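This report describes two aspects of a predicted model. It takes up a helix packing and then a pocket.

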Amino acid sequence: MTDEEKEEPRLMTIPEIAADRGISRQLVHRIAKSDPEFPSPVIAPGSTRAKYPADKVAEFFANRIVRPGRRTDLEARRRQEKPDAGDKD
C-alpha cells in the first residue's frame with residue numbers, strides 16, 4: 001500500500017453500500033436523504049457521482065438503531081373480524 005492510498009479514505013457509491021449492507025439502493029438513498037447522521041457525500045472534481053467514506057458509512061450503520069414499522073396487516077385483520085354494528089339479525 002502506498003502512502004497516497006493510506007491517506008485517501010476508501011469511497012463507496014450508493015449501489016456499493018447497498019450491496020455491502022444487503023439492502024436496496026432505494027433504502028440507502030432514503031437514509032442518505034432523511035438521516036442527518038448519514039455521512040456527507042464526497043464528489044470528486046469532474047464527477048457527478050456522490051461517493052461516501054467507507055469507514056464513516058460502516059460507523060453509521062454500526063450505531064444505527066432500527067425500529068420496526070407499524071403492522072398494518074394486523075389492523076386490516078381486526079377490521080375484518082369486527083362485526084358491523086349495523087348488522088342485526
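## Contact between α2 and α3

Helix α2 contributes I14, P15, I17 and A18 to a contact with helix α3, where the partners are R25, V28 and H29. By class, the residues of this contact comprise 5 nonpolar, 1 polar and 1 charged.

## Geometry of the helix pair

Two packed helices are described by the angle between their axes and by the distance between those axes. Here, α2 spans residues 14-21 and α3 spans residues 25-34. Their axes come within 8 Å of each other and cross at roughly 110 degrees. Because angles of 65 to 115 degrees count as roughly perpendicular, α2 and α3 are assigned to that class. The crossing of the two helices, α2 and α3, is right-handed.

## The largest pocket

The largest pocket of the model holds about 330 Å³ of space. It is lined by 13 residues, of which I31, D35, E37, F60 and R64 are the closest to its centre.

Helix α3, which also takes part in the contact with α2, supplies at least two residues of the pocket lining, as does α4 (54-63). The lining of the largest pocket divides into 5 nonpolar, 2 polar and 6 charged residues.

Definitions and conventions
Residues are numbered from 1 along each chain as its sequence is written. This is a predicted model: local features need pLDDT of at least 70, side-chain atom pairs count only at pLDDT 80 or more; totals for chains, interfaces and linings use all residues. Side-chain values use heavy atoms; hydrogens and water are left out. Axes are lines fitted to C-alpha atoms, for helices over the stretch in contact, and angles run from 0 to 180 degrees between N-to-C directions. Helices (H or I, at least four residues) and strands (E, at least two) are DSSP runs, numbered from the N terminus. Angles under 35 degrees count as roughly parallel, over 145 as roughly antiparallel, 65 to 115 as roughly perpendicular and the rest as oblique. A crossing is left-handed if the near helix is turned anticlockwise from the far one by less than a right angle, and right-handed if clockwise. Contact means heavy atoms within 4.5 Å. Ala, Val, Leu, Ile, Met, Phe, Trp, Tyr, Cys and Pro count as nonpolar, Asp, Glu, Lys and Arg as charged, and the others, Gly among them, as polar. On a 1 Å grid over the protein atoms alone, a cavity is a set of points where a 1.4 Å probe fits but cannot get out, and a pocket is an open set with protein on both sides within 12 Å along at least five of seven lines; lining residues have an atom within 4 Å of a point. Grid points are joined across faces, edges and corners, and a volume is the space filled by probe spheres set on the points.
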